[in-house]
Amino acid sequence: MTGTTSSRGTRVLGALTLAGMAALLLFALVLSPQDEVQGEAVRMLYVHVPTAIVAFTAFFVTVAGSIVYLWKRSEWWDITAHASAEIGAVLLGATLVSGMLWGRVSWGVYWTWDARLTTTALLFVFVLGYLAVRRLPMERDRRSRLAAVVGLLLGPTTIVCHYATTWWRTLHQGPTITRLNPEIDGIMLFTLMLGMVVFALLYAWLLIHRFRVLWLEHRVEDLGLDAALAERRSEAEDGGTLVPSP
Amino acid sequence: MDVTPRTAPTLEPVAPRPARGKRGLVIGLVLVVLLGATGFLLIKVVGDASLYYYNADEAVAKKAQLGDHRFRIQGTYVGTSTDEPDGSIEFHIAFNGTRVAVDHSGSEPALFKPGVPVVLEGRWSDRGTTFLSDRIEVKHGEDYRAKHPDRVPSDQP
Amino acid sequence: MTTSFQWQLVLLCWALVLAAIAVLVVRSVQRARRLSRQVPEEQRRWM
């Protein structure tokens, strides 16, 4: 197909992701039981925890890409770092939104300044900053270097955020599934694990597509400023819809 | 500038475009806002987050030091609550063998029931006998158990 | 808190998350189409 970033591999991955998401919705909203204490609100667990864990993983990919870029100036890793941060930002946003709604039911408040919530907000601000630096209008090599340095910040911040419930007293609960004997009902545990798999698939699928979109952006940048100007014009005119090729 | 595209021959220097300057300005502003947010959040990490609450026994031990400062206190809600004429409620929390009397004004979360651990926000009363709370947060554990329709939930009498 | 209020928040939560992902997908598709028009075919063979 022309004009898309899909290939046979991504179509298979995309189909798997969609099927998995449908199964996850079925388990999370229908088949899994209410929690003894939390009631229906426990159904937010199956989106909150997987998005958080996959977002953390995405940020480590960004850190790895940043390191390799700074070391070898590899365009492939530069784009991988960027694409991973984009998806990580969306997933961490999902973590924050689901967490606030869950907190409203579970704790009685949408937000509080405990160590886990505060460091998550900090991580979100950092990744938004990273993405903003990525859009700075400057020469690509300099911008990529600057972004890679900012990207390194995501590493320690993610680690602190992850261990916040262990290192500090928080309102947020500690880990469930990393304990040796998780105190969690069987079908709830299965649904949670399914959530991890589905959001991991989603991440892989989106990562490939975002990689290709960013790769095209680099090529357009290579083609010169005239082409970029035309692109911006068409973007302004059609607001993102199809226009005939020149 | 060493913008040297390998593929395109159209490489004469281009005058700065207004769009580029404007975009730089917008992103610059975004970065300034994010930098401000970072500062705010770091202050929160050092302040609020690093000592989110005192356990009830610690809060009693540090009563003199805490004075009338606002802080958070953690303990398990024991017994039942009584409604006061002024609209507030009174109850007790306990932690590590220490009981603290609480006078709470404001709403209560839905999951606020005897036996649950709670974090309260407020301060000691002037005489230091009661914790005056205006915010209850229910602290949830990390365990999940299926609710069986035929089983009476453990938190009901 | 009523069960229906809990359900409202649960459904809102899932709807917002899925909507955010859908927006990312749609924007990626649109952007790929627009950029593809400017990039020679041999530079976008994805296999």
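1. Of the 246 residues of chain A in this predicted model, 60% count as buried, where buried means under 20% relative accessible area, exposed means over 50% and partly exposed lies in between, with a 1.4 Å probe and protein chains only. Residues are numbered from 1 along each chain as its sequence is written, and chains are lettered from A, with ligands numbered from 1, in the order in which they are written. Because the model is predicted, local features need pLDDT of at least 70 and side-chain atom pairs count only at pLDDT 80 or more, while totals for chains, interfaces and linings use all residues, and side-chain values use heavy atoms, leaving out hydrogens and water.

2. Chain A has eight helices and zero strands; helices (H or I, at least four residues) and strands (E, at least two) are DSSP runs numbered from the N terminus. Among its contacts between residues at least 6 apart in sequence, 76% join residues at least 24 apart, a contact being heavy atoms within 4.5 Å.

3. Helix 5 of chain A has 13 residues and reaches 18 Å from its first C-alpha to its last, close to the 18 Å expected at 1.5 Å a residue, the expected span being 1.5 Å times one less than the number of residues. Its buried residues are A:Arg140, A:Arg143, A:Ser144, A:Ala147, A:Ala148 and A:Gly151. Seen down the axis of helix 5 of chain A, these buried residues fall within an arc of 135°, so they line one face of the helix; the arc is that of the directions from the helix axis to the C-beta atoms. An α-helix has 3.6 residues a turn, so residues three or four places apart point the same way. The buried residues of helix 5 of chain A pack against helices of chain A that include helix 2 (45-72), helix 3 (75-106) and helix 7 (186-222).

4. A:Arg140 belongs to helix 5 (residues 140-152) of chain A and counts as buried because its relative accessibility is 14%. Not counting residues up to four places away in sequence, A:Arg140 touches A:Glu75, A:His218, A:Arg219, A:Glu221 and A:Asp222.

5. A:Ser106 lies in helix 3 of chain A and, at 3% relative accessibility, counts as buried. With residues up to four places away in sequence not counted, A:Ser106 touches A:Gln38 as well as B:Leu111, B:Val138 and B:His140.

6. B:His92 is found in strand 3 (residues 89-95) of chain B and, at 31% relative accessibility, counts as partly exposed. The C-alpha atoms of B:His92 and B:Val102 are separated by 5.6 Å, although these residues stand ten apart along the chain. Leaving aside neighbours within four places in sequence, B:His92 is in contact with residues including B:Thr76, B:Tyr77 and B:Arg99.
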